[in-house]
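Thanks for coming. I will go through one structure today, so please have it open.

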Amino acid sequence: MFPKSPEKAAIAARKLSASPRANYVLGEALSKLAEARRSNALLEQAVTTFQKLTEMPGVPQALVLKAANRTVENLRFLGQMGRAVQLQTKLVARLPYVLSLQNQLAVSYLMMGQGKRAKTILKQVLKERPEDGFALVHLGFILKTEDQEYKEAISLLQKGLATREPGVVDGRFYFHLGDALARTGHNSQAMEVYQEGVEQGVFNSVYQRSLYNVQGLKAQPWWDPMTTTYRESFRILESRWKEIRDEALALLSQDQSRFRPETEGLQDTGDWKQLELFARGMKLTKNCQKAPKTCTLIEFMPDAARCKRGQVKFSLMNPGTHVWAHTGPTNCRLRAHLGLVVPPGEEIALRVANTTRHWQEGKVLLFDDSFEHEVWHHGPSMRLVLIVDFWHPELTAAQKRTLSPI
Ligand code: OGA
Ligand code: MN
């Protein structure tokens, strides 16, 4: 019945363009074709086809909803969030009792960075149906990530995850539930959540909780730099550390403004700033002009300079700083820290999983930041390190080329 090739399906379905079902089939065929040919123009046609269906009279509601879903999915993929919201708003007005439409409208707002709007809608859904798992986890997520309302977020996320409804078993919700618990002093409960995340297949292990992963890569918290394939790069960094340090210190004494406070809400107390030199595999020219020697050195390390899932940066930390235990986004990189200015003593420390180490001037520490790590500085004076991310040594050249940047 259903033609095997998308081309034939498209031709057959076009003939039946007055029939809602045929339009659905055509929309699917166009979507598949768009994917195969990586064509946004075809995807646009798919959108129009699905959308037309939602506007035809007398279409069964289930089909309208299916078509609306596909329209929104495709529009999100195309980055046309405004159009998605427009369509979704119309549908919500037409079918106000279908709560999934409101939930999906909230997700679109969330994707647009309009957390406030999303919140209002989700609260509305929960008024209608307090046990709605999808609305619970999404509202909890917003309260955790945007408002730091940890207590309320914990209760919503717990309740929502327990429903196991479609769309709730997602790494982000386990991630932020555990984080909110840890930040409010409930460490063992956090660990239980992470354990459940492992059982649900959203985390590699309780300590390794990155969400953008390549499966099967060697995974351990700490690495011995000199036994990796990058040992030559580490030797160079260690032998040239004074030049790197002097460049960073000169920069600090001239103009601190390029050092930016960390923006991901990882800092608990204190003062922690970074100056990025490379990000997502690209050199940041303006900053590199201020640290030309360091940047040139890095240019000779293509697995760092072109690491699309990493950065190179100076990291400056002052006494009194605590960085919450946190987990990087991806298992595709290893993170080197070259000690540049390190006051002696044990009060300045980096814990990765369950092992704590200390920086030394002129020495590289190498770890996998997809494992939970935590930093504290209770020393007497400023600590400065150069952070250099390298592609995970087991990635292939093709993977390094095609993985999306982070
Ligand atoms: C990191 C990190 C803190 C620091 O490199 O991932 O959290 O000490 N570093 O700069
Ligand atoms: Mn980190």
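Two strands count as paired if DSSP finds at least two bridges between them. Strands (E, at least two residues) and helices (H or I, at least four) are DSSP runs, numbered from the N terminus. This is a predicted model: local features need pLDDT of at least 70, side-chain atom pairs count only at pLDDT 80 or more, and totals for chains, interfaces and linings use all residues. Residues are numbered from 1 along each chain as its sequence is written, and side-chain values use heavy atoms, with hydrogens and water left out.

Start with the sheet. Strand S9 (residues 348–352) pairs with S12 in the antiparallel sense, over five bridges. Ala349 stands opposite Trp376 in S12. Both strands belong to an open sheet of five, in the order S3-S7-S12-S9-S10, with antiparallel pairing. Strand S3 (267–269) and strand S10 (355–357) are at the edges with a single partner strand each, so one side of each has no neighbour in the sheet.

Now the metal. Which residues coordinate the manganese ion (ligand 2)? They are His326 and His373, each through NE2, at 2.1 Å. Donors here are N, O and S atoms within 2.8 Å of the metal (3.2 Å for Na, K and Ca); water is not among the atoms, so sites may look incomplete. His326 lies in strand S7 (residues 321–326) and His373 in strand S12 (residues 373–377), so the pair ties together parts 47 residues apart in sequence.

Buried means under 20% relative accessible area, exposed over 50%, partly exposed in between (1.4 Å probe, protein chains only). His326 is buried at 12%, and His373 is buried at 4%.

Note on methods
Chains lettered and ligands numbered in written order.
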